[in-house]
Amino acid sequence: MSSVAVTITGAQGQGIDSVGGILARACKRSGRCVFAYREYMSLIKGGHSRYQIDIADRFIGSSVSQTDLLLTLNHHGFEHDLKHMRPGGIVLHDQEGWKFSSAQQAWIAERNLRVVAVPVHALLRDIGGTPLLRNVVLAAFAWSMFGEDRALLADMVKERYARKEDVLAANMRAIDAGIRAREEQVPDLTFALPPADARWKDRLLLSGSQAMGLGLVRAGMRAFFSYPMTPASPLLTVIADLQNETGILVKQAEDEITAAQMMSGAMFMGTRAATATSGGGFDLMTETLSMNAIAENPALFILAQRPGPGTGLPTWTAQGDLHMAIHCGHGEFARGVLAVSDANDAYSLMNDAFNTAETLQTPVIVLTDKHVAEGIFTQEPFAAAAPTLSRGLVTDPAALASLQSADRYDPTAATGVSPRWLPGSHAATYAGQADEHRGDGSVEESADNAGAQMDKRLRKMKAMKAALPEPVLYEVVSRELRVVSDDVPEVDILIVGWGSSKGAILDALLDVTQDSGLNTQDSIGFLHYSWLWPLKTDRFERLAKQARKIVLIEGNAQGQLGRLLRQETGIEITEKILKYDGRPFFRDELAAAIRAKL
Amino acid sequence: MSIPLDTTGSLPTMQDYASENACTWCDGCGDYGIWTAVKRALVELQIHPWQTLLCFDVGCHGNMSDKIDGYRFHGLHGRVIPFAAGAKLARMDMPVLAFGGDGASFSEGVGHLVHAIRSNYPIVFLLHNNGNYGLTTGQASALTKQGVRMNASPNGIPEATLPSMDFIFSLQPTFVARTFSGDIPQMTRVIKQAIGHRGFAFVDILQACPTYNKFATHEYLLAHCREVKNHDSSDFNRARQLAIDTSDSIATGVLYQNVTIPNFYERLRSREGRETRLVDEVTPYDIGGLMGRLV
C-alpha cells in the first residue's frame, strides 16, 4: 500500500474545513481513496483547527498520527503540528520571515523537514484578493506540487461556490496565483500522491452524518426532532438541508426532552421519526425513553458520543456511553442498542434500527460518535434496492374490526409482542399508558398484573436477541481483509471491538499482517459488534475458547464491551488497548500497540 | 346544549365515550365536570372516539386516561404538550387534545407551554387549574396564592404567585379561553371552539379541588365567574385586561382568538403543497438524486 497524509491547519474561521473538503474531494476524484479527519475546539473563531486528509491506493477508513505535508495558515501550526511531522515531510506556510525557536530549528533539522514560506499575502495583493483566500492559494500551491490537473481543483471550487459568481471568480484567481507561484518559484518542489486508480473516482465522499441522514431518509423517516449539541448537530443540519426536497418535517426543539417527546408522539401516531443528541442531552431524554418502554411505543434515539463526564470535551470523540445506553432509564425493560462504525453502517443500519423499534415496540438507541459523525469516508454508492420496512402494524380493515381494546397489551403474547394498531384506525381504542396497565391500557396495580406485564415486556428481549445478527468476523487472508462466514475456522488471535474504532482496527490489521516480523503461523481475526444489546455471545464464545490470545480494543477507559462480555459469558479479556483522550485510534499507533500484544 | 340523538348508530353518542372503569376523583372534584364537558364537546362535533387522540399529563386529571374512550396517551409529568404536538404533526387531520394541571404546566413543563404558544401547534391544551399539586397530596404549585399554607409549606410558600394569564398573553397566543369546572355548558362551548381553532388553543379551566384548595372553592368560583358579554375576542388588549383583572369578578368564555396567524405546520415550507400526512409517507425514499451530489 502507498499512502500519505496531508494536513491543513490554522485558526478557526480561516476556512480550514472548506478548503480541506475541496482538497479531499479533488484527491478522491483524481482516483485515490481518501479518509478525512477534523480536529477543532469548542469555539467559533481563533481556536486551533486542523483537517487531515489520508490518501491511499487501497481502501482506508482511518488516519495516521503523522503528517507528510502540512499547510499552515498561521504560526500556531508550528506549535501544534510540527511535532506530528513525519521525517522528510514538507511544511508550507504563509508566515514569511518567521523566526523559528532554536528548539523548532533543531526539530526541523532532526526530522529533515523542508519548510517553505509561500508569499501568500503578496500573491493576494497582486490579484486584489481578500485574506480569506489564503487557504485557496496554499491549497492550489500544494495541488501544483502533486502534479495534478488545475481543472480538477477548479471544478471542486466551482461545485462549492456555484451560486456565488463573484466569490467563484476570486477563487479562480487565487488558484492561478497559487499554481503560478509554485511553478515559478520552486519548480523542483513536488509531492507524490499514491498511484491513481479509476475505481475511486465515482465513489461517494461523505461524512458519517451525511450517510446517516440518507439512511434515515431511505428508511422512510418523515420527522426529525433535535436540539443542537455537538457532535449530533451535523445530523440535524444534514436533515434540515434535505427537508424541502424530501418533505421531512424538521423541528429544532426547545430542549432535548421536547425533542424526545415529539419523536415519541409522532411514532405513536404511526410515522417514522427520530431524535439525536449527545451524552448530556441524552441524559435528559432517558425518562422519555423509559416511558416509551412501558407504553410499548417504538422510539429511535441517536446518541452521538463525545468524552464526558459533564460537558467534557465537546468537539472530540469517545466510545464511553455504551454502558449508559444499555442501562439508562428507570425500571427494567427491553431495548435495542447498536453502534455504527462508518458511513456504510450509518446508512445501512438505520432501517434495521427502525424495523427493530417498530416490530418489537420498544426504544432503540443508535450509538455514533464524533469520529463517525464528522469523519469523511470514501464509500461505494449505496445499493439501489429498496429496503424492507417491517412495521408490525395491524392495518387490514377486517383484522382491525376484530380487535378488542385488551389486545393492545395482551400479556399472554408469546414473544411479548402484542398487536399494535394506530390511533385513527377504525377499531377498538386503547390508552398508550406509562402507568402499569392491563391489556387495554387501563391503569392496573394488582400484583398479578404487574408481574404479567413485566414478564411480557421482558420476553421481547429474547425475541429481539433471536432476530439480531451475530457480530461480524474479519480475517486477513493473503493480505486482504475478508468477512468470514459463520462456520469459522479458528483464529489464533482474536481482536474484539465495536463502533468507530473499526476503521483503524481494519487498517492496522493489514499493516500488522504485512509486517515481516509477524509469526505467519498465527491467524488474526477481528470480531466487530454492531448490535450491542441484547448481546449476542455464541460466536464470541466459540472463537474465544480456542483463541491463543484475545485483545479488546475500545475508545473508553474501562473496556465497556469487555465488561459486558464478561457479564454475559464469564470470559474476561485481560489484554486491552484502550484510548480515552478524545482522539480516535490512529492506525500507525494502533498497529504498534497490536504488535506489542502479539 | 345540542347533543345529537342518533338512532342510526352512525353518529357518536355519550355512551361511545363511556368507560367501564369507575372514576376515582374525590367527591366534588372539578374533574367530573371537565370529563363530562370534553365528552359532550366531542359528541356534539360528531367526532367518534377512534377519530381523536387525547393526551394526558400526570396528576389527578391524568387519571381520566382510562375513564374515557378514544385513542389516548398518558405519559410523563410535565411533558404532555410536546408529545401531543409531535402526534398532531404526524397526522394533521386528527383532533388532538392535551390535558395538564397547573402544577406540571407552570413548573416542570413550563418551557413546553412557552414554545407551544410560540410555535402555534394546532392542538388544544386544557389546563386543569386547581391551584395545587392534588395527586401528590396538596403541595403548592406556581399558581397557589403566596402565603397559603400547603403540604410541605407549613409557613406558606415564600415565592410570588405566577401571574399565569399575564404570562400567557405576553407570549402572543392565538387562542385564550377561561372557563370553570362547575359550568359544563360553557366548558362544552369553549372546548368545541378550541377544537376548531387553527393553532394552539389555551383553555384555562378553573377547577375546584375540595380536598386541598381552600382558597378558590367551587362556591367561590361559582360566585365570581362571569361570562363575558358583547366581547370582541379579536381585541388583544381588551382580552388581556379582562384576563388579568380578577379583582371584582373572573371573566370567562373565549377571551381571545386570532385566526389570521398560521399554525406551525402551515408555516413549514417543506410541507407546502403536500396533501399526504406524515403517517401516510412511511415508504422507502429514493435517495439516488441526493447521493449523486456526494461523488
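Colleague: Where is A:Pro534 found in chain A?
Modeller: A:Pro534 is found in the loop between strand S20 (531–533) and helix H18 of chain A. Such helices (H or I, at least four residues) and strands (E, at least two) are DSSP runs, numbered from the N terminus. This is a predicted model, in which local features need pLDDT of at least 70 and side-chain atom pairs count only at pLDDT 80 or more, while totals for chains, interfaces and linings use all residues. Residues are numbered from 1 along each chain as its sequence is written; chains are lettered from A and ligands numbered from 1 in the order in which they are written.

Colleague: Is the peptide bond from A:Trp533 to A:Pro534 cis or trans, and what is omega?
Modeller: The bond is cis, with omega near -5 degrees. A cis peptide bond also joins A:Thr230 and A:Pro231, where omega is about 5 degrees. A:Pro231 belongs to the loop between strand S8 (223–226) and helix H9 (233–246) of chain A. Most residues other than glycine have a negative phi, and most peptide bonds are trans.

Colleague: What is phi of B:Asn120, which is not a glycine?
Modeller: Phi of B:Asn120 is positive, about 55 degrees. B:Asn120 sits in the loop between H4 and strand S4 (124–129) of chain B.

Colleague: Why is B:Asn120 called buried?
Modeller: A residue is buried if 20 or more other C-beta atoms, placed from the backbone, lie within 10 Å of its own, exposed if 12 or fewer, and partly exposed in between. B:Asn120 has 24 other C-beta atoms within 10 Å and is therefore buried.

Colleague: What makes B:Ala152 count as exposed?
Modeller: B:Ala152 has 11 C-beta neighbours inside 10 Å, and therefore counts as exposed. Its phi is also positive, near 75 degrees, in a residue other than glycine. B:Ala152 lies in the loop between strand S6 (139–140) and helix H5 (164–170) of chain B.

Colleague: How do you know that strand S2 (residues 33–39) of chain A is largely enclosed?
Modeller: Six of the seven residues of S2(A) are buried, so the rest of the structure largely encloses this strand.

Colleague: What joins S2(A) to strand S3 (residues 48–56) of chain A?
Modeller: Seven bridges join S2(A) to S3(A), and the two run antiparallel. Two strands pair if DSSP finds at least two bridges between them, so S2(A) and S3(A) count as paired. A:Ala36 has A:Ile53 in S3(A) as its bridge partner. S2(A) is also joined to strand S14 (residues 376–379) of chain A, by two antiparallel bridges, and A:Phe35 stands opposite A:Phe377 there.

Colleague: How do you know that both faces of strand S13 of chain A are covered?
Modeller: In S13(A) (residues 363–369), seven of seven residues are buried. A:Pro363, A:Ile365, A:Leu367 and A:Asp369 are on one side, with A:Val364, A:Val366 and A:Thr368 on the other. In a regular strand the side chains alternate between the two faces of the sheet.

Colleague: Which strand runs parallel to S13(A) over seven bridges?
Modeller: That strand is S11 (residues 299–305) of chain A, where A:Ala304 stands opposite A:Thr368 of S13(A). Strand S12 (residues 336–339) of chain A pairs with S13(A) in the parallel sense over four bridges, and A:Ala339 stands opposite A:Leu367. The chain crosses from S12(A) through helix H13 (residues 343–360) of chain A to S13(A), a right-handed β-α-β crossover. Right-handed denotes that, with the strands pointing away from the viewer, the path from the first strand over the helix to the second runs clockwise.

Colleague: What puts the buried residues of H20(A) on the same side?
Modeller: A:Arg587, A:Leu590, A:Ala591 and A:Ile594 are buried in H20(A) (residues 587–597). They cover an arc of only 105 degrees around the axis, which puts them on the same side of the helix; the arc is that of the directions from the helix axis to the C-beta atoms.

Colleague: How many residues of chain B are in contact with chain A?
Modeller: 47 residues of chain B are in contact with 59 residues of chain A, contact being C-beta atoms, placed from the backbone, within 7 Å. H2(B) gives the most to the side of chain B that touches chain A, with eight residues.

Technical notes:
Contact = placed C-beta atoms within 7 Å.
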